[in-house]
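Hi,

Here is the structure I promised to pass on. Have a look at it first, then read my notes below.

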Amino acid sequence: MNQQRRDFLKKASLGALAGIGAMAGIIPTFALEKTDTSVFSDRPQPGKTRWGMLIDTRNCREGCSECVAACHATHNVPDFGDSKNEVKWIWKSPYEKAFPTSSLQLPSRQLQELDVLTLCNHCAEPPCTKACPTEATFKRWDGIVAMDYHRCIGCRFCMAACPYGSRSFNWQDPRPAISEYSDTYPTRERGVVEKCNFCSERLVKGQQPACVEACPGKAITFGDLNDPASVIRTMLGDNETVQRKPELGTLPSVFYII
Amino acid sequence: MIMISGIVALVLLIAITLFRDDGSTQTGPSELGPAAPVDSSMCIASKEYMQAHHMQVLDKWRHDSVREGNRTHVTPDGRHFDKSLQTCLGCHANNRFFCFMCHQYANVKPTCWNCHLSPMESSK
Amino acid sequence: MIEKALKGNRAYWAWVALLLVLIVSGLSAWGRQLSLGLGVTGMGRDISWGLYIAQFTFLVGVAASAVMVVMPYYLHNQKAFSKIVIVGEFLAVSAAAMCMLFILADMGKPQRVLNVLRYPSPHSMVFWDVIVLNGYLMLNLVSGWAVLGAEKKGVAAPSWTKALIYLSIPWAFSIHTVTAFLYAGLPGRHLWLTAVLAPRFLASAFAAGTALLILLSFVLQKSAGFDVGKEARMKLTVICAYAGVANFFLLGTEFFTAFYSNVPSHMHSLQYLFFGLDGHGQFVPLMWLSLLTGLGSVALLLVPRLRSQSRWLIAACSGLVLSIWIDKGVGLIIGGFLPTPLDEIVLYMPTLTEISVTVGIWAIGLLLLTMLLKVAVTVKMQD
């Protein structure tokens, strides 16, 4: 390349850079805004809502799965009939599977036969939202770990990150596996991850989550953990509760009375 | 050398632009009360505006309600609506072919109905 | 220069034809996967990453291993590596390309892949992995090609290539560290939740990558008469041997911490992989094959009298690559998911579609490597 061309290119690029720098000042979209760092603080701030759930296993009836049926029906959760493709938002697990790091030596008879509800814990410090490369799963203002199905690329990193096995992936088109559509909530597509959403669409209408409403034994209590006057806080104050894998520091929002 | 430092500066500028807050931070506390009642006397905007801009409206609604908790849309004349597809379908689902009439003609296939239940499918 | 890849003898074209057949079959399998979904693979709710991510993890290591020839040659002026550097760089390009193809094949919604760039998430290791992997591919491709082009014209390489090459050295370490961080920061997966994962990744990468380079050097000698030089090969063999020692030493430390501490969460995955757990042991034979082959190969590589003989060297390198491929692929990825967070064991059976896509992507990588090396070898042998 001859020297004059070289010089021209050098000056032109400098000019372009200067131009972009000037534009940055004039056109707002290019302005260098201060980053809002509150998105990086992951402990719920006092004063803001933090939704939580208390499951009283003493009132949870053996053989009953009304909560599962209600949740899966209202959210169009598909039933593929096999454990490989299974999609589940809430289900019952044996105590020693849900709490594998608790003491499992010489358990009581009650504990040996106990099934507990397992679902997304909506952690205050979720490893899954940290893992997501697109923030398709993110922690909402109200503590709910939300899924943005429009943005999810299906990489399943969040599934690897979740220490509780709460997340499911749509390995196939879910629609053929939905027996009856409910029009309270959309379906999902093949290729995205899904999980319990604490019924955020019902909360917006002032309703309790579907599982809470469906439970015949009133075993599930749902409320604002940040409100000291809420029913759930009162119950937490009056009862001894446990959480799943607390040693991992995830600060789950789901509590259990065993 | 000048060119290389210039290119590095350009790359940094672009990187800073990309990394700045993209607006997905959560704003104030959400409204947890019941959603605004549907005012079905009129659509949220004129027919001409909606025909031209409904996709932008839906895109903004989607971002606001899923990611920001800002669920209430206020029209210029002060009416309140829930930012949800159900707001539209609440009225327009009377016509099973509401979206499809135009989209079929225009040969535009948005993927909404892969998940959302279309007027053709919902039980209404 | 690319036109040099379009001239070859019968053996060359037969090899390319074979690769094309495998690629077409892989594409057709991928088409099936695109239309039916990832359910056509052996992955499921409990083992949500499988063969594809296993290949990705192994190949990131191979890509990073180019630094084992680039660093001695460019940073420490080890002139013996002059002929093998370009082979290493192009191997890195091919491996990095395969990595990205495996990620693409593994995604539930590949059409949304650009969301990773549209919504940058610096807290996510996958985000950084996408960036550094792409950057590394570009670095090696551009600098390797430019240096090769200069050599073809008989002039010195432009000075900016030096900057890119120096950058590629720490960058190589970073790509595999970031990949290790993908796994090592997840609190629920105890096989992965260890600080030693990143060093282990680097050690196994340098062992497998250099072994592959040595094997490649034999292939190039046989097929093109291109001799990288006995000194280069011997130096590389020593690097490979010590990297192999480091790899198995680190594996040993993992075993110690797990079994001496007796902490169930530390032990269970290793127990499942190597000894079986609760009557389940799908991978036990494979893991022992990997361990014994690997140890045997490293032992061979440490004996100067044996490693200087071609057939022992080839056997040892092949064994080491196989061993690390099993360990990093099947062992690490599948084993990381078992026992599940709810303490269960599930079987993983890759399907034909899944294997077909995997072989197809390997074939694409090999075709890219073949073409790049054809150019490199032709240029380097022109005088």
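To start with one residue: is C:Leu301 buried or exposed? C:Leu301 is buried, since 29 other C-beta atoms lie within 10 Å. By the cut-offs used here, a residue is buried if 20 or more other C-beta atoms lie within 10 Å of its own, exposed if 12 or fewer, and partly exposed in between, with C-beta atoms placed from the backbone.

Before going on, some housekeeping. This is a predicted model, in which local features need pLDDT of at least 70 and side-chain atom pairs count only at pLDDT 80 or more, while totals for chains, interfaces and linings use all residues. Residues are numbered from 1 along each chain as its sequence is written, and chains are lettered from A and ligands numbered from 1 in the order in which they are written.

**Helix H11 of chain C**

C:Leu301 is found in helix H11 of chain C. Helices (H or I, at least four residues) and strands (E, at least two) are DSSP runs, numbered from the N terminus. H11(C) covers residues 284-302, 19 residues in total, and reaches 27 Å from its first C-alpha to its last, close to the 27 Å expected at 1.5 Å a residue (the expected span is 1.5 Å times one less than the number of residues).

The buried residues of this helix are C:Met287, C:Ser290, C:Thr293, C:Gly294, C:Ser297, C:Val298, C:Leu300 and C:Leu301. Seen down the axis of H11(C), they fall within an arc of 160°, so they line one face of the helix; the arc is that of the directions from the helix axis to the C-beta atoms. An α-helix has 3.6 residues a turn, so residues three or four places apart point the same way. On the face turned away from the buried side of H11(C) sit the exposed residues C:Pro285 and C:Leu292.

What do the buried residues of H11(C) pack against? Their partners are helix H9 (230-261), helix H10 (264-274), helix H12 (304-307) and helix H13 (310-337) of chain C. For C:Leu301 itself, leaving aside neighbours within four places in sequence, the contacts are C:Thr237, C:Cys240, C:Ala241, C:Gly244, C:Arg307 and C:Ala316. Two residues are in contact if their C-beta atoms, placed from the backbone, lie within 7 Å.

**Domains of chain C**

Chain C is divided into domain 1 (1-184 + 350-383) and domain 2 (188-203 + 232-348), with bounds from an automatic or database domain assignment. Their C-alpha centres lie 23 Å apart. The contact takes 25 residues from domain 1 of chain C and 24 residues from domain 2 of chain C. On the domain 1 side, helix H2 (51-64) and helix H7 (159-184) of chain C each supply at least two residues, and H7(C) gives the largest share, eight residues. That side divides into 14 nonpolar, nine polar and two charged residues. Here Ala, Val, Leu, Ile, Met, Phe, Trp, Tyr, Cys and Pro count as nonpolar, Asp, Glu, Lys and Arg as charged, and the others, Gly among them, as polar.

**Chain C against chain A**

31 residues of chain C are in contact with 40 residues of chain A. On the chain C side, helix H5 (115-118) and helix H6 (125-153) of chain C each supply at least two residues. The residues of that side divide into 13 nonpolar, twelve polar and six charged.

Most residues other than glycine have a negative phi, and most peptide bonds are trans. With that in mind:

- A cis peptide bond joins C:Leu338 and C:Pro339, with omega about -10°; C:Pro339 is found in the loop between H13 and helix H14 (352-380) of chain C.
- A:Phe198 has a positive phi, near 55°, and is found in the loop between strand S7 (193-194) and helix H7 (200-203) of chain A. A:Phe198 counts as buried, with 24 C-beta neighbours inside 10 Å.
- C:Asn262 also has a positive phi, near 65°, in the loop between H9 and H10 of chain C. C:Asn262 counts as exposed, with 8 C-beta neighbours inside 10 Å.

**Chain B**

Chain B has five helices and two strands, in the pattern α-α-β-β-α-α-α along the sequence. Buried residues make up 13% of its 124 residues.

Cheers
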